[in-house]
Amino acid sequence: MATALRDVAIVGVAESDIGRVPDKSKFQLSAEASRMALEDAGLSVGDVDGLFTTIITEGGQFSSMLMAEYMGITPRFTDSTSIGGSSFVVYVEHAAMAIAAGLCDVALICHGSTNISDRGGRGGPVSQSTEVFGPTQFEEPYGVSTVGAYALAAQRHMHEYGTTSEQLAEIAVATRKWASLNPKARMRDPITIDDVMNSRVIASPLHLLDCCLVTDAGGAVVLTSLERARDLKKAPVRVLGAGEAHSHRMISQMPDLTQTAAAISGKLAFERAGLTHSDIDVAEIYDSFTITVLLTLESLGFCAKGEGGAFVSNQRTAPGGEFSMNTQGGALSYTHPGMFGIFTIIEAVRQVRGECGPRQVPGAEVALCNGTGGTLSSTGTIILGRD
Amino acid sequence: MAAPSPPPLPRPYQDTAAYWQAAREHRFIIQKCADCAEFQFYPRGVCSHCLSSALEWEEASGRGEVYSFSINYRAPHPGFADKTPFVLALVTLAEGPRMMTNIVDCDPDTVRIGMAVTVTFDDVTEDVTLPKFRPL
Ligand SMILES: [Zn+2]
């Protein structure tokens, strides 16, 4: 099956309106991104026979049935795997398997979210219930939040390896430089390490500028067989390798706060692709927080455990740096509608196609995407390349 | 966040009722597996090490050390609006398992990873008591 992944290609990608889109529902954003991704591929909605989506917010139950009905699709392969923001990266693996096995021909992965409009256009918490049922009753009463959970990991990494807030800030600063090259990015004004350090502490040791944006957005990705892909509008982008894993649901159950499941999913993706780290021209690493990136780079093996801080120093991941990463501006500066995974794929495909204009990484032929979901809980890693 | 709102509280269920009842009585109990002798936290209907249902409740020492912590300045829920800053923490219990809690009864700025802590009971309402930890 591992080699069969290579006979599948991504043929269409698109994002919907992004930023603040109060007049459109999350369902519409997902459907409009789907329409544009199908147009990008030169396919129509009638071609779609595999649907992959999840909505984790209000009104999203039975997500794949909901979105299939909304768009008038009758899939013969359906997948609502719900493991957080990594789900959409994992869907690439699932869709590639389904296509390689002949279970569907055209797979549509879609996502829509009105994460900022749901909060009345402001940041801050969405309302939660006051009675907690299930295992999360051992976390929520203590005031856990997404940023609080990731802060626990950052604090532990600093304790074990001497990682500094300045090193985390390097990631935010470099990512903003990429965003300044992307007209669609929400935050494009340059920032400095001091700006990050001087932004208010949300949950120590994480500052405001260590945290992703909160936006509305939709995105979609279309896959089909490599054979069919070669007759479509754009050059196919092959799925060279993929891997997935999760290590826990709740941060209190995470076996080691300094290592994510990317140690498993990344190893699988590299093995299945038959490639090594030096083959990767561009990396799209889910950046819910700066610490997410640092832990992921180590867990994927781009550097040794504990050396992530040194790895990202001196703006290594910025435009013109040695390691091109999060080239659309990431969740930190481009967009983040609660789950970011699909946007790593969209950018990786555009980079491999050479469509990125001023932010194009010269000669990008092989791209890696890593999605992280939950509270550092689940990961999906895919490696994409030119046909 | 003007109107006072209750913080999120546990609704006990089959797996967890005994734990929360003990907490109300200011007792801190955790599960031990009769088959593989491992402790576990949080309470479950089976052992997460060997899937046995033969679980027994044991009075825990209430001692542990801070595995990690974060001083939270933003309320994650309206019920925490009047409680910031608070210390969110993971504590490794002397028996082995790790749990989420708050470190209380100290200046948040003095909390450190590796700090020895002991359980204390916060009677949040008449019905719900949360085990928390304070420096030893
Ligand atoms: Zn057992």
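This is a predicted model: local features need pLDDT of at least 70, side-chain atom pairs count only at pLDDT 80 or more; totals for chains, interfaces and linings use all residues.

Visitor: Why is the pair of Tyr19(B) and Phe41(B) called edge-to-face?

Guide: Two checks. The ring centres are 5.6 Å apart, and a pair needs them within 6.5 Å. The planes make an angle of 70°, and over 60 degrees counts as edge-to-face. So edge-to-face it is.

Visitor: Which parts of the chain does that pair link?

Guide: Distant ones: Tyr19(B) belongs to helix H1 (residues 17–24) of chain B, while Phe41(B) is in the loop between strand E3 (39–40) and strand E4 (55–59), 22 residues apart. Both rings also belong to one aromatic cluster, whose members include Trp20(B), Phe28(B) and Phe138(A).

Visitor: How do you know whether Tyr19(B) is buried or exposed?

Guide: Buried means under 20% relative accessible area. Tyr19(B) has 2%, so the label is buried.

Visitor: How do you know that the charged end of Arg98(B) sits over the ring of Tyr67(B)?

Guide: The distance to the ring centre is 3.5 Å, and the limit is within 6 Å, along with an angle condition. The charged end of Arg316(A) likewise sits over the ring of Phe311(A), 4.2 Å from its centre.

Visitor: What makes the site of the zinc ion tetrahedral?

Guide: The SG atoms of Cys33(B), Cys36(B), Cys47(B) and Cys50(B) lie 2.3 to 2.4 Å from the zinc ion, and donors have to be within 2.8 Å. The angles among these 4 donor atoms run from 104 to 117°. Tetrahedral asks for all angles between 85 and 135 degrees, so the site qualifies.

Visitor: What spacing do the donors follow along the chain?

Guide: C-x2-C-x10-C-x2-C. Cys36(B), in the loop between strand E2 (29–33) and E3, and Cys47(B), in the loop between E3 and E4, are 11 residues apart.

Visitor: Why do Cys36(B) and Cys47(B) get their accessibility labels?

Guide: Cys36(B) has 29%, which falls between 20% and 50%, so it is partly exposed. Cys47(B), at 1%, is under 20% and therefore buried.

Note on methods:
Residues are numbered from 1 along each chain as its sequence is written. Chains are lettered from A and ligands numbered from 1 in the order in which they are written. Side-chain values use heavy atoms; hydrogens and water are left out. Rings of Phe, Tyr and Trp (its six-membered ring) pair if their centres lie within 6.5 Å; planes under 30 degrees apart count as stacked, over 60 as edge-to-face and the rest as tilted. Helices (H or I, at least four residues) and strands (E, at least two) are DSSP runs, numbered from the N terminus. Buried means under 20% relative accessible area, exposed over 50%, partly exposed in between (1.4 Å probe, protein chains only). A charge sits over a ring if NZ of Lys or CZ of Arg is within 6 Å of the ring centre and within 35 degrees of the ring normal. Donors are N, O and S atoms within 2.8 Å of the metal (3.2 Å for Na, K and Ca); water is not among the atoms, so sites may look incomplete. Four donors count as tetrahedral if all angles lie between 85 and 135 degrees; four count as square planar and six as octahedral if opposite donors are over 155 degrees apart and all others between 65 and 115; anything else is irregular.
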